Amino acid sequence: MAFTEIGSDGPVARSSAVSAVGSARWRRPTVTFVGLLLLIWLILYGLHALLPEIQSGAMAIYAAKSGRFVKQQMFGPSDRVRIMIFGDSRVITGFYPGEFDNSFGEGVRSYNMGLPAERRFLPQLEAALAQGNVPTHVLLTYPWGDEAEPAPRFALLRDDNKLINALLPFRAFPRDVVLFAYNYRFRFAEGIRYTGAQIDQMIVDRGWYFIRWQSHFANDALPDDFAIPSDRSRQIDAREVPARSLVRDRLMQLASQYGFKVLLVPGYHRDREFAAAPATDADRDTVVLNSSPLVRVIGPDYFTYPTRFFADPVHLNPRGRSIYTAELAALLKKHQAF
Amino acid sequence: MLFNSFEFVAFFAAFLAVFFTAPTRLQPYTLLVASYVFYMSWRPSFALLLALTTVVDYTTAVVMVRSRSQAARRAAMLTALTINLGILGTVKYLDFMITNAIGVMGLLGYNLSHETLGLVLPLGISFYTFQSISYTLDVYHRRVEAEHNFLTYAQYVSFFPQLIAGPIERAAHMLPQFRIGHRLTYDNLTSGLFLVGWGLFKKMCIADAIGPAVNSIYTSPADYAGTYQIVAAVLFAIQIYCDFSGYSDVARGTARIMGVDLMINFRQPYFATSLQEFWHRWHISLSTWFRDYLFIPLGGSRGGELSVARNLMIVFVVSGIWHGAAWTFAAWGTIHGAGLVIERAVIRLVRPEIWLAAPARRLIGWCWMMIVVLVGWVFFRSSSIANAIDALQSMTQLGAVSYFTFKMLNLASVEMMMLMISLTVLLVVDFHLAFRAGRLEALGCRRWVSTGAGIAIVYYILLFGVFGHLEFIYFQF
């Protein structure tokens, strides 16, 4: 009956209808329906909890970087300069801590704290600090957010997206299963082993990770004429540093408490993705926040690289990461940042 | 307060609890208060115009009933029309007219400073104004009795399930339903919830999943080659159908739960095999409104082909402008009007029923309908006539497509697969509704099928639907 109601002028039961609230007719189907809904919820929740390896690569990296990664002992007593660089997946693929440290010599140890599709850095920084991992320098490729007010009470209830993800924490699970099955051709054990090995390697590489499944060109390099319609080759992607920000206030509080410095450093773009950053910014070394310790902006808002150094429209390939890491190290050396 | 939000779920659940536990005599008050609360959740001041429209048309009808002369009735009717259309014209079209007048003056060499009033368009005003006007005209033509109970009439104008985007109902159908008490029944609840679920599936799993890709292409059309323009036109055709018919289904479903029947607004329009049939299946409440209150008074199908063509063109240009104060909507209406005129002429001159088999006629008719409809949607969705023409021109030069562009448009890998699954479900259900309704009916009688389908819809929406307060397209009209 219910199907045909979609397309019919089916009669609406009027006040004379025989069934009413509380009648026996309601009880069984309602209990069955609600019971099945709950049962499915429990099954999906159980599968989601039992099979974390199924989650997408980005989620697996996110989870590992937010948990296991920051809970390890990151720095040793001989590490005079302790660096954490934050940003999104561009940082994950673009900054290679081993090469960065080598360009400075002994006593420098860095970690790539980038998270997939995430520019917020405070939760991860706070988690690291709580484990006793205290940096001397925090490098930000994106400035803090502009939230000037604390979230209102019951903010969750106002945000349907957050609310549904809270009610169904396994929401991504069915998609992940499909992707996993597709990527590994239903060889689940092999897939689970591979994901685990990737996470282990990411931790050995101190947070650097190459997003191989997004690379679709030979040698992981885009062709020279590569462009996509969303490119804005005449537009400069200027970085705005919000003047008022709760995140900034908290960052300054942590910087004072733990004694680390904050440096805003360049990220990167692909040729044609945006116009090159103004040449006048190349030697910039500006104090943006006259607090203690100072917050400095060093260099341009971003570097620009040829498409052959990219594995996909957004992320550097291993050749590109070496170039970005070296250029960033050279810039920081030049400005005696450490 | 959008249908596709948890806010509405909470509001509707609270409303139902009060509505069905209240004594029958208090139900109209409950419904009226809820309707105004619902409407005022966007902007409280909008309610003033809604109340004004209600008072004007209620009073006009009473005056017409009490008038002894036809001239007085006519004067009352014209007064109400002037006020209704005056309000609609001012808030919806005045800025558009000022801008165009200044443009014309500029062409004549008079450069005037460009000032508009910047009026905010109250939500749903085009819908409830037309609904209210239909009542006034029906009373004037004695097709319906004037409603003497103000409370009943106020419910008719402000009934919240269909207040913002229709269906545009008629007094003869709705007023009797507001005169009786309502009880929650099992059949109304289950069939109503099924309609709500189906509508939300179309809105949240298809229309909102497609929306970002369509927006990206139409925001900067020059950046996308012809292939993408074709993809965008097809996707927008699907998006607007799922968005608007989804809204109508939710409206019908929520009303059904209350025990109120709303008319069907869509009957699988893309299965039409002629443009004329398309308009019998698309936004039925608006097309029948224009048929009854504009096309027939203009002369309808009586008279020669030229006068019919003139009437069709007038109706469709007005229908286009009804959608919004922009030349793109006028162009959309013109394309459909011209398409119908051409279709009538071809059928009359060529007489395909004589020499062409029915399946071939249907196929050709479907292709013709889809071409006109898709070209129309390009104008409807574009931000200017020039952009629409550019988009159509670029469709003649198909360029290469790239995986990464589809990925940037959110149409790659899993997203594309989910969309394909959703569209297949839509196609299968719509096909059965259009051609195999009996089979669906037989399936629906089996309880386990109904229960399974209900659970599948709930979980499909929860797992794959787009949450985040995305408005319905027709809210802007």
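## Helix α13 of chain A

At 1.5 Å a residue, helix α13 of chain A, whose 17 residues run over 318–334, should span 24 Å, and its end C-alpha atoms are 24 Å apart, which agrees; the expected span is 1.5 Å times one less than the number of residues. Helices (H or I, at least four residues) and strands (E, at least two) are DSSP runs, numbered from the N terminus. This is a predicted model, in which local features need pLDDT of at least 70 and side-chain atom pairs count only at pLDDT 80 or more, while totals for chains, interfaces and linings use all residues. Residues are numbered from 1 along each chain as its sequence is written, and chains are lettered from A and ligands numbered from 1 in the order in which they are written.

The buried residues of α13(A) are A:G320, A:R321, A:Y324, A:T325, A:L328, A:A329, A:L331 and A:L332, where buried stands for 20 or more other C-beta atoms within 10 Å of the residue's own, exposed for 12 or fewer, and partly exposed for counts in between, with C-beta atoms placed from the backbone. Seen down the axis of α13(A), these buried residues fall within an arc of 160°, so they line one face of the helix; the arc is that of the directions from the helix axis to the C-beta atoms. They pack against α5 (89–94), α6 (97–102), β5 (267–270), β7 (295–298) and β8 (302–305) of chain A, whereas the face turned away from the buried side carries the exposed residues A:A330, A:K333 and A:K334. After α13(A) comes A:Q336, whose phi is positive, near 45°.

## Chain A as a whole

Chain A has 13 helices and 8 strands, and buried residues make up 34% of its 338 residues. Its radius of gyration is 25 Å, whereas a compact globule of 338 residues would have one near 20 Å; the radius is taken over C-alpha atoms, and the globule rule is 2.2 Å times the number of residues to the power 0.38.

## Where chain B touches chain A

In chain B, 51 residues are in contact with 41 residues of chain A, two residues being in contact if their C-beta atoms, placed from the backbone, lie within 7 Å. The largest share of the chain B side, 9 residues, comes from α21(B).

## Domains of chain B

Chain B is divided into domain 1 (16–178), domain 2 (186–266 + 402–464) and domain 3 (269–394), with bounds that come from an automatic or database domain assignment. The C-alpha centres of domain 1 and domain 2 of chain B lie 30 Å apart.
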